[in-house]
Each structure stands twice: as structure tokens, then as C-alpha cells.
Amino acid sequence: MSKREGKRSRGGRTLFWRLWFRSLSGKRPQAALALGSLVVGAALAAALLNLSSGIQRKMTEEFRSYGANVVLAPGREAGESGAARLMDEAVLDRLAAGAGHPRGTAVAPLLHVVTRLSKVPADPRLPEFENAIAVGTDFAALRAIYPGWRIGGSANLAGNADCVAGAHVARRLHARAGDTIRLAADEAPAGGAARAPQVFRIAGILSTGAAEDDQVFVPLATLQQMAGLAGRLSLVELNVPGPPAEIERIVRALGAELPGVEVRAVRSVVESEGKVLGTIRALLVSLAALIVGIVALCLMATMTAIVLDRKRDIAVMKALGATDRVVARLFLSESAALGALGGLAGFAAGFAAARVLGQRLFEVAISPVWWTLPTVCLMTAALAVAATALPVRAARAVEPAAVLKGE
Amino acid sequence: MLLRIISRSLIRRRRRKLLSFAAVALGITVATAVATMGLDVGDRVGRELRSFGANIALTPAGDGLSVSAGGVDYRPAGSGTFLAEADLAKLKQIFWRNNIVGFAPRLDLPGRVEGRPAALVGSWFDKEIVVDKSESLRTGLKKLHPTWKVQGSWPEDGEASDCLVGRRLAAALSVAPGGKVIFQPSDGAAQPSATLAVRGVLSTGGEEEDQIFVPLATVQNLANLPGKFRRAEVSALTKPEDDFARSDVTRLSAQEFDRWYCTPYVSSICYQMQQAIPGAEARPVYRVAETEGRILGRVAALMALLGGAALAAAALAVASTMLATVLERRAEIGLYKSLGATNARVASIFLLEAALVGLLGGVAGYFSGSLMARHLAARVFGTAAGFHWIILPAALALALVVTLAGSAWPLARGLKLAPLTVLRHE
């Protein structure tokens, strides 16, 4: 502020603020309109920004229902034979102890063994036995990894002699939940005698549409003992929460932490997840940008109308000695205040809308993303100032004498 | 007179009208872009999710248990039942044939390569299937698994000795494209060994990396199973299952059954596939079908949300501009009235003008919105979105309604004022 202006009477400054408040509180429909469009724009932007992280979290969750996104398999040096490659159970302890995977990771160990399957009591319609894959696992953990699987009966393997049979297995054996089956390891493990067959009660029947329909799921320890493969695993499946980039990072960390084990991401899941999430983010951002553009245009129209409407005010102010700068400052600071106010109100409305919509459409609880509040307020204030700047330049051309005489 | 007033006003107040026009056009642009994207996005995301792999498995009904670990069926070749390769083309003759994106048969043959257990998988890579005289399509693994990456090139379906070796197996055997592998089937095969030329190395991030892929005919010859396959993977675009889809099909009334049959639920597509191919059983792969259903449901909700936001923004833009322009013209209203025009007459001048601007803006907005959707779709999905003519009438109607609604309130206010006050004030 120049010295001359500083010297100006205090009355001048109070007049400035009086005019400022008067015009803000004045009953101008245009000002209400400008405020309205600012509020709506801010509300839409705030709602989209607040929803976006919630939506992405929810989508990531939905992708999780596809199943395991990280798989641990025996490394190449662990043995040469492809299907029968096994690894040591100790990997589970190292996994639990390591910092490589975040909270909420579901871990399911799996052991595949070819077994001879028959029904108890023997059914004369059926062959003596049929070869089937038995899977030793922690079924509750597996179930957590694959929420899409459908289970008839109980998924709860209460005892060591309970099993879950695949739908195709059950159909072949004409078996229902509650029936019993016998499993015997098909081959004697190297250096050991063939173990005694074991009888299992079918607790539930599993439909997946994939290979699992032809398998029998039994408790891991029981199968290890039955097949003479104590402490051995074929595979560990993991369902790691988090966005794709995070999963890639975890895969690398796990690979470094677990030597001798092959750690790989299930690429089809991770990749398409990344693509879909990218699509959604792009949609949200581009729409938010469009909304900002629209609001800017509305404001421009309204502000032009306001300035033109107040031509006479400007003329009087100028006639009383106000410089162009003072007039511009009056208008610009007014619209900045209007913008900030609109941003504040819009944020409140937008957040409320985001909460309701998040709950209704996406079933996520939306917590306020605080950086969006200053962002939205600054954005609306900047928009309002920018929209006023152009018409205010027109105010310079106002000739007090011409305007006032024209009356 | 009316027309003269309007045309004069349009010409003389060019800048103002341009602003209203721009506001309408911009608002309709956003609404059109979102609507166009909304019409496409379900399909696009659906196709994106196809990289999960097949969502329907086709197997012989009454087949024995498969002994499969790591994605390969270890039963000896020849045991169990099979389906006929020639029947697969019938998949493109079912009611929802256009929703069948791709399919590929599979016939596995366990065996060894250099003493190391490995499985030979016979399938189609990119095969041309003749459906009938007028129609043919290309399908196979390439289409079914868009995320698979091949170093080298895909083998030709006609070249019986070409193969694709999984990345891990190739590393263990240290072979590269251009090399050779000798495969020895374990048992029940017609020949003791087959020499295969490696065309490419396949990396999938899954169990396929331990397998060798060859044309279906190669395995059929080796296993002595001409024209047969064990299992087919089918990828279909489906509608997410709702409560109706989960109801028991056998208990539906005739009318409900028709509705179920004519909706692309995964279960009804499976039903139609079983009808089309004798002796086959089609089952949804639940983890794929359900995940897809959930994601598509969320995307639909998202598009509804964005559409609502776009509509609100469009309405705001148009209404506020109209409001501003009409408020500004109070003096004109006063003048007309003092010259004896009735309220209805004045209103008709203003509304007609607004409608004209609105319609023009609507047309411009439709085209720029479609272009924007095309551009956005290219960036977001990598493919262009088409023009959806169905959106044009909707866009015009929206433009009209919003401009008229935006003009109505200030007009009513302006008409209420006594002409004298307005004119003296000016």
C-alpha cells in the first residue's frame, strides 16, 4: 500500500468495508446465484474427491474375492519332479514372523496328494475306487481367500476326520453331506510304507466350477500324516490386501525374505485390477475437472451481470474519488470471500452427500479427507476471483459523468 | 413481430447469447460424455475383466474325476469321456451367441521332457471357426487370455509340431524360441515321442508356465483321440446375478423361465450351452463370475453417481446463465408491458428465445460430448467409443427443459414488477 493511500482517512477504509458488507448482504439475486453455483460446484467436487478413495478401497476389496493374488511355490532347487515338488512347512512360520505382508493377509497352505477314493459303506454301483486329488489345507483360511465359492452343508471342519468334498466328487459317489468316504494315499512315499487308509465324514459340498469340484479337502495335518509327508507343502496361497503397486512391492519383499521359495503375483488379477482402478480414477478426475470448468463459466456469466448491474455504484464511487484499484479491490475481495464461503458450504454439503452415497451405492463408510477442505475452498475462491477479473476490467471504462448523467 | 424481436435480440445481444449458448453446450457436453461412457463402460470393464480367464467351464457330463494338479489333468490319455471338437462351433448358435467372447478346447497329455515331468496341452491359439456359411470367427487362447505374454511368436494352429513353452519350463530346459524340445508321453499314447519346434516362450504368472502348448490336433494324434477334447474354457459377457437369477430354475413359471432364458445370466448361458452341445456340462466358474458381477455392479453404481453429478452440473450451468440474462433484461420486460404486451406475450418472447438457444446448445453439446467421450474412452480404455444416437433426443430434451426451467423463475419475477418502477429505475 502506498504512502498516500496509507495516509488516507480511516473513514475511507471503514467506508470500503461498509460497502463491502453492504453489497455482500444486499438482496441481489445475482449474488445469491453466484453463491449457489459456487456451492453446487464445490459440493460436487468435494463429494467426488471424498468418495474416490472409498470407492477405490471398495473396488480393491471386490477384486480380492477373485482369490489368491500371491502364490508361494517350491523353488526350482527344491526338487526336480514337476507335480510332486514340495516345500517345507517352516515357510509358514517365516511368513508369519516376517514384516513382508501387511495385516489382513489370508494365508492358506495346500498339499496336493493323489489318493484312492471310495465310499463307505461300499456302493455296488461304483467301481472299487477312483483316483482323486486330496487337498490338505486350513479350510477356513482357504474359504476366506475364495469368498465366491459356494458350499452346501457346513464349511466347518470340526474334527480331524471331517472333509469337504467337491461337487463332482459327491455326484460321482452319490454322496451327501454327512456320508463317509475312505481315502488312501495312491503311492507309497519314497522310503516309507503305504499308510493305512482313513475314513472321513463329508461335512460340506463345494461348488466352484473349476478343478476344486473334483477334489476332496481334508485337514492338512491329517493328510500329511496319512501320506507320510509330515511337514511338507505343495503351495501356499495368499490374499494380500492393498492396491496393485503395493502387492508388487510385497511380492519382491517376500521373495527376498524367503530364499528357496518362488513368490509370484497372480498377474491376471493384479493387472486387471490396476486397469480398472485406473479407469475409475481417470473418470472421477476428468469429471471433477469438467465440473470446475462449468462452475467457472457460470460464475463468469453471473459476475459480469453483477458488475454491469452496479455500474451506477461504480460511477458514484469513482465520482467520490475512488481509484480503479480500490474499485477492483472491492469487487475482487468480495468475490474471494464469496468463493471461500461457497467452498465451505459446498464442502459440508458434498461431504454429507458422499457419506450417504458411499453408504447406499458402495457400502463403505466415508471418513472426511481433510486436505480436500482447503483445496475446495481455495479452488472456489480462485475461481470466483478469476471470474470477476474480466468484468472488473470493464469497470475501468466506466465514465462517472456519462453514467450518472445518462440517468 | 415476435420473430423480428427474437432475431433482433439474437443479433444485437450476440455476446450474451453466446455465453448462454456456451453454457448450454458445455452442460450438455458433460451430460452426453458421461452418458456415452456410461453406455460403454459396463462392456469395457467386462472385457477388461475377461483377462481373469474363462468364466464358464465346459466338460463332458458323466466324466470321471479329473486328477489335476497345477492345472494339468494327470489321468492317462484315453481314460474318461470326451467331447467332440466339431460341436464347439455350436456355441455361436445359442440365443446369447453374441455374448460369447471366446472359447478354447483343451486336451492334456502328461509326459516328460528330458526326464522332467511336463504336460503337453493341446488347444487353439488363434483359430478360425466356421459357424455357418455366412459366419466365421477367430478364437482361442490368444483371445481368451489377453494378459498372457509371448516372447517370440504364437504358433500357427495348422503347424502340428510348433509349440509354446511356459517360461519356467523353458528356463529349466534352457530353450529359447527357435529351439527344439522332445516330448515323451507317459502312457497310452500312439507314439513314443514327439519333436516340437519352440515358437515362443509364454509367461502368464500362473501354472501355465510349467506347461507346453501345442495345436489341439497334435495332442489328439499323440493320444489317439481324433476330434476329441476334454474340457473347454468359455468366456462370456454376463449380467451380474441377482436374486431372480439365483432362484430355482425348475420351479419358474413359463413366463419367468422365458425372462430368465432371455437374460444373459451366467446360469442361463450355461443352460443354453448344454442344450446346444450334446453330452456336455457347462458350469460357471464361480470365483470369476461372482467377482465380475460385484465389480460390474460397483461400476454401474459409479456411473450412475457420475451421471447424476454431470446432470447437476449441466443443469446448474444452464439455469444460472439463463437466470442472469433474464434478470438483466427487466427493463425490456417493463418496456414491452408498458407498450401493452400481455404477460403471456412477453413470456413467449423470452421462452422462445431461450428454447432456441437451448436447442442449438444441445445439438452442439451432443456432438462435442460425443467427441469428448471418444477421446476419453481412447485414453481410459484404449479404444474409441461410438456415437450413440439414442442420446441425442435425450440431450436435446434435457437442454430444453433446463433452459426453460432456468428462465422461468427470473421471468416470473420480472413480470411481477410494475413497468413504471423498472423503467424509472433504469
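Which are the buried residues of helix H8 (residues 266–276) of chain B? They are B:Val266, B:Ser267, B:Ser268, B:Ile269, B:Cys270, B:Gln272 and B:Met273. Before you go further, keep in mind that this is a predicted model.

**Around H8 of chain B**

- The buried residues of H8(B) pack against several elements of chain B, and two of these are helices H6 (243–246) and H7 (254–261).
- Strands E1 (56–60), E15 (231–236) and E16 (280–284) of chain B are also packing partners of those buried residues, and so is H9(B).

**How chain B is divided**

**A helix pair in chain B: H9 and H12**

- Helix H9 (residues 286–328) and helix H12 (residues 391–416) of chain B pack with their axes 8 Å apart, at an angle of about 30 degrees.
- Angles under 35 degrees count as roughly parallel, and H9(B) and H12(B) are therefore roughly parallel to each other.
- The crossing of H9(B) past H12(B) is right-handed.
- On the H9(B) side, the contact is made by B:Ala314, B:Ala315, B:Val318, B:Ala319, B:Met322, B:Leu323, B:Val326 and B:Leu327.
- On the H12(B) side, look for B:Val402, B:Thr403, B:Ala405, B:Gly406, B:Ser407, B:Trp409, B:Pro410, B:Leu411 and B:Gly414.
- Sorted by class, the contact of H9(B) with H12(B) has 13 nonpolar and four polar residues, with no charged ones.

**Two loop residues in chain B**

- B:Ser174 is not a glycine, yet its phi is positive, at about 45 degrees.
- You'll find B:Ser174 in the loop between helix H4 (167–173) and strand E11 (180–185) of chain B.
- Is B:Ser174 buried or exposed? B:Ser174 counts as exposed, because it has 7 C-beta neighbours inside 10 Å, and the cut-off for exposed is 12 or fewer.
- B:Asn224 is another residue other than glycine with a positive phi, here near 60 degrees.
- B:Asn224 belongs to the loop between helix H5 (216–222) and strand E14 (228–229) of chain B.
- With 13 C-beta neighbours inside 10 Å, B:Asn224 counts as partly exposed.

**Chain A in outline**

- Chain A has 13 helices and 12 strands.
- Of its 407 residues, 46% count as buried.
- Among the contacts in chain A with a separation of 6 or more, 84% are between residues 24 or more positions apart.
- Chain A is divided into domain 1 (12–61 + 275–405) and domain 2 (68–265).
- The centres of domain 1 and domain 2 of chain A, taken over C-alpha atoms, are separated by 60 Å.
- There's a cis peptide bond from A:Val120 to A:Pro121, with omega near -5 degrees.
- A:Pro121 sits in the loop between E3 and E4 of chain A.

**A helix pair in chain A: H9 and H12**

- H9(A) and helix H12 (residues 372–396) of chain A cross at roughly 40 degrees, and their axes come within 8 Å.
- H9(A) and H12(A) are therefore oblique to each other.
- H9(A) passes H12(A) in a right-handed crossing.
- Residues making this contact include A:Val292, A:Val295 and A:Leu299 of H9(A), along with A:Met379, A:Leu383 and A:Pro391 of H12(A).
- The contact of H9(A) with H12(A) has 17 nonpolar, two polar and no charged residues.

**Where the chains meet**

- 68 residues of chain A are in contact with 62 residues of chain B.
- Elements supplying at least two residues each to the chain A side include helix H3 (29–64), strand E3 (106–120) and helix H11 (324–362).
- H9(A) gives the largest share of that side, 23 residues.
- The side of chain A that touches chain B has 37 nonpolar, 19 polar and 12 charged residues.
- By class, the contact of H11(A) with H9(B) has five nonpolar residues, no polar and one charged.

Terms used: Residues are numbered from 1 along each chain as its sequence is written. Chains are lettered from A and ligands numbered from 1 in the order in which they are written. This is a predicted model: local features need pLDDT of at least 70, side-chain atom pairs count only at pLDDT 80 or more; totals for chains, interfaces and linings use all residues. Two residues are in contact if their C-beta atoms, placed from the backbone, lie within 7 Å. Helices (H or I, at least four residues) and strands (E, at least two) are DSSP runs, numbered from the N terminus. Ala, Val, Leu, Ile, Met, Phe, Trp, Tyr, Cys and Pro count as nonpolar, Asp, Glu, Lys and Arg as charged, and the others, Gly among them, as polar. Axes are lines fitted to C-alpha atoms, for helices over the stretch in contact, and angles run from 0 to 180 degrees between N-to-C directions. Angles under 35 degrees count as roughly parallel, over 145 as roughly antiparallel, 65 to 115 as roughly perpendicular and the rest as oblique. A crossing is left-handed if the near helix is turned anticlockwise from the far one by less than a right angle, and right-handed if clockwise. A residue is buried if 20 or more other C-beta atoms lie within 10 Å of its own, exposed if 12 or fewer, and partly exposed in between; C-beta atoms are placed from the backbone. Domain bounds come from an automatic or database domain assignment.
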